[in-house]
Amino acid sequence: FVKMMYAVMAEQFLDNLAFETLKGMKENAYNGKLNGGQLPYGFKRVKRLNEYVLPIVNKKGIPQHEMAIHTEQAEGVKIMFDMILEGKKRFEIINRLNELGYKRADGKDFTGTSIDNILRNEKYTGTSIFHFGKQKKDYDPDVNVIRAEGKIPQIISKEKFEAVQRILKQRVREPINAKTTY
C-alpha cells in the first residue's frame with residue numbers, strides 16, 4: 001500500500017512540475033524572453049542588464065538573457081528579403097550572399113532550405129512565437145501557439161514580410177506525381 005501511495009504522489013508531482021514548467025515558458029513567450037534553443041539567424045543572445053548596468057539574475061543567481069540584433073547577420077537577412085521582392089530566385093540569393101562572404105550561424109554556406117526558413121520566420125518582424133504541445137496528437141497550430149508582437153527586436157517590417165510571403169506562396173509548385181507518364 002505504501003509503495004502505491006508513493007507512486008501516486010510521484011505521478012502527481014511530475015504532472016504538477018510539467019504544468020508549472022509550461023506555465024513559465026508561456027509567460028516567457030508573452031514577455032519576449034528566451035525559452036532556450038537556437039536563435040534564428042540575425043539574432044544573438046545578450047545578458048539582460050538592469051538600470052545600474054548589472055546583469056539581471058534569476059532566483060538561482062543565473063544571468064538572464066534576451067534577444068538582440070546581430071548587426072552583420074541582420075544585413076544578410078535584409079538582403080534576402082529585398083532580393084525576393086526584386087524577383088530573384090533562391091540560387092541567385094545564395095550566390096549573392098556567398099559573394100558578400102555571408103555564412104550561416106554554423107559557418108556553412110546557405111542552402112535553399114536555410115533561406116526558405118529565414119524568409120518564412122515571422123520572428124524577423126519582432127513577433128515572439130512559442131509553439132507548445134507539439135508532441136501531443138491534439139496539437140492545433142491555431143491554439144497551441146503564442147504570438148506576442150513587438151516583444152523582440154525587429155529586423156524586417158511586417159509589410160515587407162507579408163509581401164514576401166505572398167511571393168513565396170505564388171512560387172509554390174504542384175507536387176510531381178511519380179506515376180505521371182512523360
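Helix packing and aromatic pairs in a predicted model

The protein chain has five helices and four strands. The model is a predicted one. The chain counts 182 residues, and 27% of them are buried. Its exposed surface comes to about 13,100 Å², of which carbon and sulfur atoms supply 53%. Among contacts with a separation of 6 or more, 57% are between residues 24 or more positions apart.

The packing of two helices is a place to begin. Two packed helices are described by the angle between their axes and the distance between the axes. For helix H2 (residues 71–85) and helix H4 (residues 112–119), the angle is about 90 degrees and the axes are 10 Å apart. An angle from 65 to 115 degrees counts as roughly perpendicular, and H2 is therefore roughly perpendicular to H4. On the H2 side, the contact is made by Val77, Met80, Phe81 and Ile84; on the H4 side, by Ile115, Ile118 and Leu119. By class, the residues of this contact are seven nonpolar, no polar and no charged.

H4 itself is mostly covered, with six of its eight residues buried. These are Gly112, Ser114, Ile115, Asp116, Ile118 and Leu119.

In one of them, the ring centres of tyrosine 41 and phenylalanine 110 are 5.1 Å apart and the planes stand at 90 degrees, so the pair is edge-to-face. Tyrosine 41 belongs to the loop between helix H1 (2–30) and strand E1 (43–47), and phenylalanine 110 to the loop between helix H3 (90–100) and H4; the pair therefore ties together parts that are 69 residues apart in sequence. Tyrosine 41 and phenylalanine 110 are both buried.

Phenylalanine 81 and tyrosine 124 form another edge-to-face pair, at 6.4 Å centre to centre and with 65 degrees between the planes. Phenylalanine 81 is in helix H2 and tyrosine 124 is in the loop between H4 and strand E3 (127–131), so this pair ties together parts that are 43 residues apart in sequence. Phenylalanine 81 has a relative accessible area of 0% and is buried. Tyrosine 124, at 1% relative accessibility, counts as buried too.

Phenylalanine 132 sits in the loop between E3 and strand E4 (145–149). Because buried means under 20% relative accessible area, phenylalanine 132 counts as buried at 13%. Phenylalanine 132 and lysine 26 are 106 residues apart along the chain, while their C-alpha atoms are separated by 8.4 Å.

Key
Residues numbered from 1 in each chain as written. Predicted model: local features only at pLDDT ≥ 70, side-chain atom pairs only at ≥ 80, totals over all residues. Heavy atoms only, no water. Axes fitted to C-alpha atoms, helices over the stretch in contact; angles between N-to-C directions. Helix = DSSP H or I, 4+ residues; strand = E, 2+ residues; numbered from the N terminus. Parallel < 35°, antiparallel > 145°, perpendicular 65-115°, else oblique. Contact = heavy atoms within 4.5 Å. Nonpolar A, V, L, I, M, F, W, Y, C, P; charged D, E, K, R; others polar. Buried < 20%, exposed > 50% of the residue type's maximum accessible area, 1.4 Å probe, protein only. Areas by Shrake-Rupley, 256 points an atom, 1.4 Å probe, with all protein chains shown as cover. Phe/Tyr/Trp six-rings, centres within 6.5 Å; stacked < 30°, edge-to-face > 60°.
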